[in-house]
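This report describes a predicted model. It begins with the contact between the chains and then turns to domains, sheets and single residues.

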Amino acid sequence: MKIKNSSELKNYYENLIIKTSKREKRTIVLSMGTCGIARGASDILNSIKKEVRKRKLHNRVEIRVTGCHGFCEVEPFLIIYPQGIFYCKLQPADVRQILMESIEKNNIIERLLYTDEKGKKIIKETDIPFYKKQMRLLLGSNRFIDPANIDDYIAQGGYQSLSYVLGNMQPEEVIEEIKKSGLRGRGGGGFPTGRKWELCRRAPEFPKYVICNADEGDPGAYMDRGLLEANPHSIIEGMIIGAYAIGSNYGYVYVRNEYPLAIHHLNIALQQARDYGFLGDDIMGKDFYFDIEMVKGGGAFVCGESTALIASIEGKPGEPRAKYIHTVEAGLYGKPTNINNVETWANVPLVIKNGWQRYSKIGTETSKGTKIFSLVGKIKNSGLIEVPMGITLKQIVFDIGGGIANSKRFKAIQTGGPSGGCLPEAHLDLPVDFDSLSEAGSMMGSGGMIVMDEDTCMVDVARYFVNFLKEESCGKCVPCREGLSAMFEILTRITEGNGKHEDMDLLEEISFAMKNGSLCALGTTASNPVFSTLKYFRDEYIAHIEKKRCPAGVCKNLVHYEIMSDACRGCGACLKICPVSAIQGEKKKPHSIDDTKCIRCGECFEVCKFSAVRRK
Amino acid sequence: MVNITVNSQIISVKEKTYILEAAKKQSIDIPALCWQPGLEPHGACRLCLVEIEKSGRKRMVTSCNYPVEEGLIVRTNTEEVVKTRKIIIELLLARCSTNKKIQELAEKYGVTESRFEKKEEDCILCGLCVRVCREIIGKEAIGFSGRGIYRKVTSPFEQPPQECIGCGSCAFLCPTGAIKIENGLNMRKIAEINCEIPLVFCQYCGRPIAPLRQIEFLKEKTSLPEDIFYTCAECKRKNYARRLIAMSSKR
């Protein structure tokens, strides 16, 4: 069935709404993004299906499988509509009770509800503090949408922005609208989207291409995956609007192959959009052709860089080239190409729908709208969050994230992935927007946020990111390739206790050369983790180098374990667990560790019930 | 023609040329290892960094692939440029600590010792060999494999390259002498790219002329008489001389 114009879409939408309002069935919404599946949501789904069959509830209940809603910490969870009861941390065995109590009867099962910090039980998902402090313009509709069903998206008002644009706006007006909204690229660069579109529209050559960059590779970041899995049509709609504004007829989505579910959902969504006439010839009755092809990436981090991504689509090795001639002038196959990130495209229908005035009210002076972050690490509530720009790091970590897990102390927050930096406690009041984060020596990046506690060694963190980048750099230019490997050698030396005082200057010099001399953004920003830790956590470097000590107790060569004889009861637990028999002692008498035999595995430290083993 | 200023010297250059070419014509020294006239710029060695100023804004770019524009101001030796360049050279010197050519280059730009861990590589991955093979010869016998620190120049799947004609352009352009040609009794060997190709000998004197595949390649490209391909340069000269003498004695 093709929807040929805006009135047909309106009719279709109204029919969907009427159909839903007449529905008397309960809906069980099960979050089944990659995160949910990893936590066992498939088993829950199977039990629900089995129980529904067994109890003959077909006429009373409907199951909707959605993508990730955001609160990954308490997964697997489900919501029962219309009441909106939220049951979390489920086991397959809980399903029977849920169907008996909450579907067949109308009871609420207290034990499966979310419990907040004060021990209060919360019934509705929207009342949970994690969600309450967010502004979920993009992620909010995830719970209503089965990504494999275009009708769910249309029922949420989907494709109406496209219909409005094609029916009432000239391409230039669309660009103007996006420019006024202040939308900036969400992939990390923060380039004004409207301006990019304008430059691409003005480029004289033909054909033009639009590309969606879904090659998300930052460790610990999964914002784009969340969107692709949960709401692929919002991205497709954004791309069609963009293509119309730019004057392009061909689109690509470049997805990394490591996202099989996202690829699956996107494939279904693209086919459905074609079937409904949103892609292909004469879209919405307008003389406008546009179609999207999906390209799967081969697993190189550097292919998230726009020119490397283009090379990869062309079938060449994914290596960046100089961007002195920008991709909007000469990109894919040498033709004008507009690349935007998944989240940027998903924002486009929103801007059109709400109008630039409303959109630009959200956020700060220079950064408008909301931003999705993946909040991970040593935090209580891990998950995908969507917040207005300008919110402080403190609000994110403590109000939304619920603070540090296991009552440890906050130490640093790493934003922007491997190219970002680590910010200390003193910077927690920093507003989260493109410019403030860059000024502080980190960056917004695509939205990874890794929270670190007092047990994290910052030198080790810097070494981790440098190691990641040295493997993932394409290796084309000297400063990035050789600089990273030199940095890695120096950082390894420091964490092994062989660091010299000059090493810190050396690291800074390499950072300088990489920042100035590298070919692409991967190289110019690769030194950020080192540079920012040197700036904010210099004392830790000094402790490693001068005192040969790792304050966080992470670097194996610099850690010593000893047993405090006054606390040791001689239970023998450590003696039994030590893999190298470095612990001696008689029963019920204080034990001791032979430091020359000790391999610093930390097993004794973990196993001691009396906190008699000390790490220093 | 556009006018640009290089180190406060105004020069007029053709449109669509790159800063480095323009500067070379004025004998302004900018080091570059991965640049070669006739090949597409690659921008990998980063030694040709210069500072440019455009509408009051300064930044560093590689001169080998930055196209000239009217009014562009270029400075090739600012403090930042020199500092960055020196560290890059120092990094290269660490990679190729025993390579003569790199040692000479380092010395020229004031780097005597590398403070980084030393390795004994010869190849600097400038890609001249790969590009000359693809862009000039029209073959793709060699390429890069691996990424990051594992990147290297090699033949496809590290097997003897079927495409290689043994012409030796790669070795000819290599700035560090990392690719070497060995002419054995019957074979031309290029060990770095796993290549071994039989040689063709002069039909008159028996000297080696060129690898068999190169001769076949040239035969395909040109329509010259067969005889020419199997005669060495020396014998061709002698043959001509003989013919000239014969012609002149007839008169």
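## Contact between the chains

In this predicted model, chain B meets chain A through 28 residues on each side: 28 residues of chain B are in contact with 28 residues of chain A. Two elements of chain B, β4 (57–62) and α2 (79–95), each supply at least two residues of the side that touches chain A. The largest share comes from α2(B), with 8 residues. By class, this side of chain B has 16 nonpolar, 5 polar and 7 charged residues.

## Domains of chain B

The domain assignment divides chain B into domain 1 (2–77) and domain 2 (128–241). Taken over C-alpha atoms, the centres of domain 1 of chain B and domain 2 of chain B are separated by 33 Å.

The two domains touch each other: 7 residues of domain 1 of chain B are in contact with 7 residues of domain 2 of chain B. On the domain 1 side, the touching residues are 3 nonpolar, 3 polar and 1 charged.

## The sheet of chain B

Chain B has an open sheet of 5 strands in the order β2-β1-β5-β3-β4, and the pairing is mixed. The edges are taken by β2 (9–13) and β4 of chain B; each has a single partner strand, so one side of each is left without a neighbour in the sheet. From one strand to the next, the twist averages 30 degrees.

Strand β1 (residues 2–6) of chain B runs parallel to strand β5 (residues 73–75) of chain B, and 2 bridges join them. Opposite B:V6 stands B:V74 in β5(B). The helix α2(B) lies across β3 (49–54) and β4 of chain B, and runs at about 150 degrees to β3(B).

## Domains of chain A

Chain A is assigned domain 1 (11–134), domain 2 (150–359), domain 3 (370–453), domain 4 (458–545) and domain 5 (560–615). Between the C-alpha centres of domain 1 of chain A and domain 5 of chain A the distance is 48 Å.

## The sheet of chain A

An open sheet in chain A has 5 strands, ordered β12-β11-β15-β13-β14, with mixed pairing. Its edge strands are β12 (383–388) and β14 (421–424) of chain A, each with a single partner strand, so one side of each is left without a neighbour in the sheet. On average, and with direction ignored, neighbouring strands of this sheet are turned by 30 degrees against each other.

Strand β13 (residues 410–415) of chain A and β14(A) run antiparallel and are joined by 4 bridges. One bridge partner pair is A:T415 with A:G421 in β14(A).

## Helix α11 of chain A

Helix α11 (residues 232–246) of chain A has 15 residues. From its first C-alpha to its last it reaches 21 Å, close to the 21 Å expected at 1.5 Å a residue. Of its 15 residues, 15 are buried, so α11(A) is largely enclosed by the rest of the structure. Just after α11(A), A:G247 takes a positive phi of about 90 degrees.

## Residue A:T66

A:T66 is found in strand β2 (residues 61–66) of chain A. A:T66 is buried, with 25 other C-beta atoms within 10 Å. Leaving aside residues up to four places away in sequence, the residues that A:T66 touches are A:V29, A:S31, A:M32, A:N142, A:R143, A:I145, A:D146 and A:A230. A:I542 is 476 residues from A:T66 along the chain, and 50 Å separate their C-alpha atoms.

## Residue A:C477

A:C477 has its place in the loop between α17 (458–472) and α18 (478–495) of chain A. A:C477 is buried, with 29 other C-beta atoms within 10 Å. Not counting residues up to four places away in sequence, A:C477 touches A:S518, A:L519 and A:G523, and also B:A44 and B:R46. A:M458 is 19 residues from A:C477 in sequence and 27 Å away in space, C-alpha to C-alpha.

Definitions and conventions: Residues are numbered from 1 along each chain as its sequence is written. Chains are lettered from A and ligands numbered from 1 in the order in which they are written. This is a predicted model: local features need pLDDT of at least 70, side-chain atom pairs count only at pLDDT 80 or more; totals for chains, interfaces and linings use all residues. Domain bounds come from an automatic or database domain assignment. Ala, Val, Leu, Ile, Met, Phe, Trp, Tyr, Cys and Pro count as nonpolar, Asp, Glu, Lys and Arg as charged, and the others, Gly among them, as polar. The expected span of a helix is 1.5 Å times one less than its number of residues. A residue is buried if 20 or more other C-beta atoms lie within 10 Å of its own, exposed if 12 or fewer, and partly exposed in between; C-beta atoms are placed from the backbone. Two strands pair if DSSP finds at least two bridges between them. Axes are lines fitted to C-alpha atoms, for helices over the stretch in contact, and angles run from 0 to 180 degrees between N-to-C directions.
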